[in-house]
Amino acid sequence: MANGRPEAQRLEGTVLTPGGWVRGEVEFDERVLGVRGEAAASPGDGAAVVLPGFVDPHVHGGGGADVMAGEGALDIVARLHARHGTTSLLATTMTAEPADLKAALGDIGQRIERRTAGGARVLGVHLEGPFISEGKLGAQPRATRAGSVAELSTLNALAPVRVVTLAPELAGHLDFIRELRSGGIIPQIGHTLGSYEDGVAALEAGARGFTHLFNAMTGLHHRNPGMVAAALAHAEYAELIPDLLHVHPGAIRAALRCIPRLFCVTDSTAGAGMPDGIYRLGTQTVTKCLGGVRLADGTLAGSTLTMHGALQNLVSLGLPLLEASRRTSTYAADYLGIADRGRIAPGCFADLVVLTGALELSAVFVEGQPVDLDGTR
Ligand SMILES: [Zn+2]
């Protein structure tokens with residue numbers, strides 16, 4: 001390692017670049033130095049495939065840890081997801097009382113500064129609430145409140161807030177959306193009882209994406225089109241949880257036809273990468289069983305999905321690997337306004353995922369550093 005940067009190294013295979021597939025090699029240190037080889041129409045014949053590392057803007061936990069727990073939990077989460085190909089993520093908080101959110105962001109901010117060796121890079125925070133609807137909590141606890149620029153500023157000083165999930169129909173929230181946008185924070189529509197018209201008004205005010213499209217929002221009825229229709233008709237970007245439990249494949253296909261840059265998130269919780277059992281989600285107790293995570297009343301409470309699983313699920317639905325990669329990496333980076341991640345191009349961070357021809361993970365690099373895929377936590 002020279003000057004704190006890894007030595008230049010090379011990976012051979014079929015490399016996905018912004019311009020398409022290249023059969024050859026990628027050279028990188030901390031950043032991508034170059035991609036050389038022949039353009040190819042497809043990844044080809046079972047050889048190794050090199051994709052941009054996955055970008056997941058909605059992560060609550062993994063490896064038994066919840067990002068709000070403090071005391072090193074975020075390190076465990078970042079390492080667990082790196083072992084499944086996620087190279088950058090947003091630590092996502094649950095609705096909570098002001099003091100609990102402050103404590104969580106204080107800890108997350110320190111961890112972001114320190115950086116977790118062998119873990120995914122934590123790019124900042126996604127606040128999933130508390131500025132959401134009491135009537136569409138999903139698995140969120142009943143600690144909602146109206147959007148507050150003062151509270152947001154306090155939290156943003158502790159850790160960089162990138163995305164705020166909010167219900168736009170609540171009093172004062174269109175102004176709150178405008179304030180967030182002018183402060184460089186992405187207002188994202190979710191956990192909402194709002195109508196189609198509320199959604200259109202929110203988009204016009206500056207809201208951008210939708211939080212786990214279809215889940216915890218008003219559905220589409222043809223005479224009462226709801227928030228889902230606002231997304232399908234007008235959104236450029238939206239999150240989707242492709243664990244095939246949260247959203248039926250038919251609804252995923254419909255969304256793919258409507259939303260140009262639909263991107264995948266895991267909404268993963270502490271049970272990701274862990275055996276069935278009882279885990280924490282913010283202040284909630286949840287049970288992982290049969291591939292799902294639920295509250296005691298059966299409500300889905302996040303997922304145990306990994307981004308590698310998300311990619312495999314998209315391919316299983318018939319998406320070409322190139323498109324599946326864009327929807328698990330590039331579009332989320334674009335959404336967050338990050339130009340040097342989510343793509344393999346000179347100057348970008350060497351966030352790389354290497355897959356076998358059968359799409360099994362064989363290597364992961366975060367900023368050029370190899371991830372130990374066999375780690376236990
Ligand atoms: Zn969530």
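Two strands are counted as paired if DSSP finds at least two bridges between them. Helices (H or I, at least four residues) and strands (E, at least two) are DSSP runs, numbered from the N terminus. The views below show a predicted model, in which local features need pLDDT of at least 70, side-chain atom pairs count only at pLDDT 80 or more, and totals for chains, interfaces and linings use all residues. Residues are numbered from 1 along each chain as its sequence is written, and side-chain values use heavy atoms, with hydrogens and water left out.

**View A. The open sheet of five strands.** The strands follow the order S5-S8-S9-S10-S11, and their pairing is parallel. S5 and strand S11 (186-189) stand at the edges with a single partner strand each, so one side of each is left without a neighbour in the sheet. From one strand to the next, the twist averages 25°; axes are lines fitted to C-alpha atoms, for helices over the stretch in contact, and angles run from 0 to 180 degrees between N-to-C directions.

**View B. The pairing of S5 with S8 and the helices that pack on the sheet.** Four bridges join S5 and strand S8 (residues 86-93) in the parallel sense. Val55 has Ser88 in S8 as its bridge partner. Helix H8 (residues 307-316) packs on the sheet and touches S5 and S8, where contact means heavy atoms within 4.5 Å. The direction of H8 makes about 110° with that of S5. Helix H9 (residues 321-335) also packs on the sheet, touching S5 and S11, and its direction makes about 60° with that of S5.

**View C. The zinc site.** His58 (NE2), His60 (NE2), Glu128 (OE) and Asp267 (OD) coordinate the zinc ion at 2.1 to 2.2 Å. Donors are N, O and S atoms within 2.8 Å of the metal (3.2 Å for Na, K and Ca); water is not among the atoms, so sites may look incomplete. Along the chain, the donors have the spacing H-x1-H-x67-E-x138-D. Distant parts of the chain are linked by His58 in strand S5 (residues 54-59) and Asp267 in the loop between strand S13 (261-264) and strand S14 (277-281), 209 residues apart. His58 is buried, with a relative accessible area of 0%, and Asp267 is buried at 5%; buried means under 20% relative accessible area, exposed over 50%, and partly exposed in between (1.4 Å probe, protein chains only).

**View D. Helix H2 and its surroundings.** Helix H2 (residues 98-114) has 17 residues and reaches 24 Å from its first C-alpha to its last, close to the 24 Å expected at 1.5 Å a residue. The expected span is 1.5 Å times one less than the number of residues. Among the buried residues of H2 are Leu101, Leu105, Ile108 and Ile112. The cover over the buried residues of H2 includes helix H1 (73-82), S8, strand S9 (121-128), helix H3 (149-158) and strand S10 (161-166). Arg115 follows H2 and has a positive phi, near 65°.

**View E. Backbone features in loops.** Most residues other than glycine have a negative phi, and most peptide bonds are trans. Gly129 and Pro130 are joined by a cis peptide bond with omega of about 20°, and Pro130 lies in the loop between S9 and H3. Glu71, in the loop between strand S7 (65-66) and H1, has a positive phi of about 50° and is exposed, with a relative accessible area of 78%. Glu367 has a positive phi of about 50°. The loop between strand S18 (361-366) and strand S19 (369-370) holds Glu367, which counts as buried at 5% relative accessibility.
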